[in-house]
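Visitor: I am new to this structure. Please show me how to read its features.

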Amino acid sequence: MRASSKGHRTLITVIGWTVGLVIFFPILWTVLTSFKTEDEAIASPPAFLFFHWTLENYVEVQSRSDYLKHVFNSVTVAFGSTLIAILVAVPAAWAMAFAPTKRTKDILMWMLSTKMMPPVGALIPIYLLFRDWGLLDTLSGLVGVLMLINLPIVVWMLYTYFKEIPGDILEAARMDGASLGKEIVYVLAPMAVPGIASTLLLNIILAWNEAFWTLNLTAANAAPLTAFIASYSSPEGLFWAKLSAASTLAIAPILLLGWFSQRQLVRGLTFGAVK
Amino acid sequence: MGSIVLEKVSKEFAGFNVIPGLDLTISDGEFVVFVGPSGCGKSTLLRLIAGLEDTSGGRILIDGADMTQTPPAQRALSMVFQSYALYPHMSVYGNIAFPLKMAGRDKAAIDKKVREAAATLNLTDYLDRKPRALSGGQRQRVAIGRAIVREPRAFLFDEPLSNLDAALRVNMRIEISELHQALKTTMIYVTHDQVEAMTMADKIVVLNKGRIEQVGSPLDLYRAPANAFVAGFIGSPRMNFVTGADAEKRGASTIGIRPEHLQLSLEEGAWRGQVDLSEHLGSDTFLRIDVPGIGPITARTTGEFSAKRGAAIFLTPDESKVHLFDGSGEAIR
């Protein structure tokens, strides 16, 4: 009995590591390639670890484009859009979770359905609006559009977390003399901190990695890291090593954030299914 | 002060009439128990008084003022929930202090009040603990502490003891009764347990299907139930109902006789039956007796009474304690 359960556990461990390494391999390969010369990067068969380790790609990338400016833009867009989305979504999710009407489910489904349309379907109208309102290549425009495209997910996640909070406790707060605002600030929000935190993290990552809108609505001023990577896939040809260096630089901050907040993220990704 | 008057209060849920329209007067300082089977509307009625549900019609007056549209926070009522509904992220101190903090009292006043309440409820040693580190009885006391600090016009209790074990329930019942003696504040207490209703209430309101069946003191309801529903609901074990010849003989369509008002004999009596089951409580013995032509009858006798299953036994109802009901179940007086 004991031996078989031990064997079972070993098998699970092996499968776990295999799946993990397969998923992680492209990132590892990108990082390794970023330390190769352009010749070694396209060599066949490729060298895994035994090549001339060099930092020349990073130097080249930094001299060709302003990495820190793109980081600043990414941070602004990811954090800005997520924070505004949370501020809008908390009252919305509160209403849906604790004062539902017979249309609440329909509204939630409708919000989710907006995520089912391919974004390119809305590109031309949004591009024209941005052009007419002078929002093209501005951070505020980008924050706005990313906030809106992620809002359905933020509302859904907060809604599922709020549903887990017993309504009795909010009613107790009302009986204790709390106004609606105080009820949210003193009772609901502190109880929902884990849920709000994982929603925050997941949406920062989504906004950070968002490429479609950021590439189409920015040029130079407001371009975040996604545009920075894309600029290395140029008409003159692909430079794999430099592209890898740019990618490594672009994903490093968000990878570190994700690493340090794994527990919250897992909760976020399971959408409140795990207590 | 804490008088509460309900005038034609009604409540509909999605077209379903839960409370069709109900009048009730609760005087200042009374301990009123709403009792009834599950789904009778007793909790809904309490929530209407609290303001946690909106009325569909009628008026709710608290101390003479119309509070029908007033939000719960401004009705100056305190509520103790079945689930306790403590704030899990706050300490016991924080929980008890919360209503005072919401009322904008200053720190020193809050501290004094919280410590007084904690002393009354034996919670002084637990003030720094979080609710999850407390037992069920302690949590219930925190919920009561949170209710008393704001000195409400009335306390509302929504089945507060149903999550506690039997022994603790008896203790808490006494504590709540003592609290009422000490504070003399109006209390409205909802329960499905008629023993809680009988032992705690000044006045019992028996509810069934959203209607008031009878209002009265515990012994009034026991002695003179207004109808068969109240007669069957109040008293344990339940009243026996007999129809047919025995009822017609007394000019009623149904007669009711409580298990404790039947005299048992092994030799002679009005009804002859066979013992089906005996339950020994030590102080009492409950016998379930199958009487041919009448049906199963429960009888109660004090002390130990040994009767074998299948043994013949005679029952004689105490005629002065027989309740008469007409065809619609109303009592014939």
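Guide: Start with burial. A residue is buried if 20 or more other C-beta atoms lie within 10 Å of its own, exposed if 12 or fewer, and partly exposed in between, with C-beta atoms placed from the backbone. Take B:Asp63: this residue is partly exposed because 15 other C-beta atoms lie within 10 Å.

Visitor: What kind of model is this, and how are residues and chains labelled?

Guide: This is a predicted model, where local features need pLDDT of at least 70, side-chain atom pairs count only at pLDDT 80 or more, and totals for chains, interfaces and linings use all residues. Residues are numbered from 1 along each chain as its sequence is written, while chains are lettered from A and ligands numbered from 1 in the order in which they are written.

Visitor: How many helices and strands does chain A have?

Guide: Helices (H or I, at least four residues) and strands (E, at least two) are DSSP runs, numbered from the N terminus. Chain A has 14 helices and 2 strands. Of its 275 residues, 34% are buried.

Visitor: What should I know about backbone angles?

Guide: Most residues other than glycine have a negative phi, and most peptide bonds are trans. Now B:Asp63 again: its phi is near 50°, a positive value. B:Asp63 sits in the loop between β4 (57-62) and β5 (65-66) of chain B.

Visitor: Where is B:Lys209?

Guide: In the loop between β9 (203-208) and β10 (211-216) of chain B. Phi of B:Lys209 is positive, near 50°. B:Lys209 is partly exposed, as 15 other C-beta atoms lie within 10 Å.

Visitor: Is the peptide bond from B:Ser236 to B:Pro237 cis or trans?

Guide: Cis, with omega near -5°. B:Pro237 lies in the loop between α8 (228-233) and β11 (240-243) of chain B.
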